[in-house]
Amino acid sequence: MGAFSSKAAKTAAGAAQRQFPKTASPPNPASTSMVPPPPGPTVYPKQPHANSVRDDTINRDAADPDFARSLRSLGPVTPSPTFSNSSVFNSAQQNTPGHPQPQMFPSASTNPALQILDARNRLTDAAEAEFSEMGRRGFQGKEFLDVVLIRQALMMRDEKGMADTEIEKTLGLKNGVVARLGRKGTVGDVSIEGAFGG
């Protein structure tokens, strides 16, 4: 069975041989009548060395008709405002009466990112002030709680049934802090087993 090659293999081997044309193909009439390319920019011969005096060659180079045509088609250009301190456009714009300077950034009172940072700074300052007052006479109690204190307060309220004022007195919390946690069922203590259904 392996001694004879298959009919498909013979056909594939014959088709794999490359066959070249016997004669040259006739020239294509479209390729013989080529359109000359459009004229490019005018190029003048270069001088062998640089010259500090303006001569005819420099004037011809500056008067390139294609370049001048493209500049005329652009017309006068109005510069876009830049926010650089060294920008001449900004200083000219500020001195012009009747042209109010556009604001680069929104005001701090309407920028949400700045409002968040401001609130964060206020809370940080209040927490540091509370921490520095802790243990001193006249200290009204903690208002900023960590996870352990929140868990203890919830267990006392939900499992032991203690009153809010009693929890605040026991844990050294400021009046009204436990009430801000919400009523029973709003915030609660969840064990890890209960969280994963096990």
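Helices (H or I, at least four residues) and strands (E, at least two) are DSSP runs, numbered from the N terminus. On that basis, the protein has nine helices and zero strands, and its elements run α-α-α-α-α-α-α-α-α from the N terminus on. This is a predicted model, in which local features need pLDDT of at least 70, side-chain atom pairs count only at pLDDT 80 or more, and totals for chains, interfaces and linings use all residues. Residues are numbered from 1 along each chain as its sequence is written, and side-chain values use heavy atoms, with hydrogens and water left out.

**Overall burial and contacts**

- Of the 198 residues in the protein, 10% are buried; buried means under 20% relative accessible area, exposed over 50%, and partly exposed in between (1.4 Å probe, protein chains only).
- The accessible surface of the protein comes to about 17,300 Å², and 59% of this surface belongs to carbon and sulfur atoms; such areas come from the Shrake-Rupley method with a 1.4 Å probe, and for residues only the protein chains shown count as cover.
- Among the contacts (heavy atoms within 4.5 Å) with a separation of 6 or more, 39% are between residues 24 or more positions apart.

**The largest nonpolar core**

- A nonpolar core is a set of buried Ala, Val, Leu, Ile, Met, Phe, Trp, Tyr and Cys residues joined through side-chain atoms within 4.5 Å.
- The largest such core has 11 residues, namely L149, A153, L154, M156, M162, I167, L171, L173, V177, V178 and L181.
- Two or more residues of this core come from each of helix 7 (147-158) and helix 8 (164-171), with helix 7 giving the most, four residues.
- Neighbours within four places in sequence aside, the core residue I167 is in contact with A153, M156, R157, M162 and V178.
- In soluble globular proteins, nonpolar side chains tend to be buried together.

**R157**

- R157 has its place in helix 7 and counts as buried, at 11% relative accessibility.
- The side chains of R157 and D158 meet in a salt bridge (2.8 Å, N to O), where a salt bridge is a side-chain nitrogen of Lys or Arg within 4 Å of a carboxyl oxygen of Asp or Glu.
- Beyond neighbours within four places in sequence, R157 is in contact with M162, D164, I167, V178, L181, G182, R183, K184 and V187.

**Other salt bridges**

- The structure holds six salt bridges.
- E143 forms one of them with R180, the closest N and O atoms being 3.1 Å apart.
- E143 lies in the loop between helix 6 (112-133) and helix 7, and R180 in the loop between helix 8 and helix 9 (192-195), so the pair ties together parts that are 37 residues apart in sequence.
- E143 is partly exposed at 30% relative accessibility, whereas R180 is exposed at 56%.

**Nonpolar surface patch**

- F67, L71, L74 and V77 make a nonpolar surface patch of about 440 Å².
- Patches are made of residues with over 30% relative accessible area and no salt bridge; like charges are joined within 9 Å, and nonpolar side chains (Val, Leu, Ile, Met, Phe, Trp, Tyr) within 5 Å.
- L74, in helix 4 (residues 65-74), counts as exposed at 61% relative accessibility.
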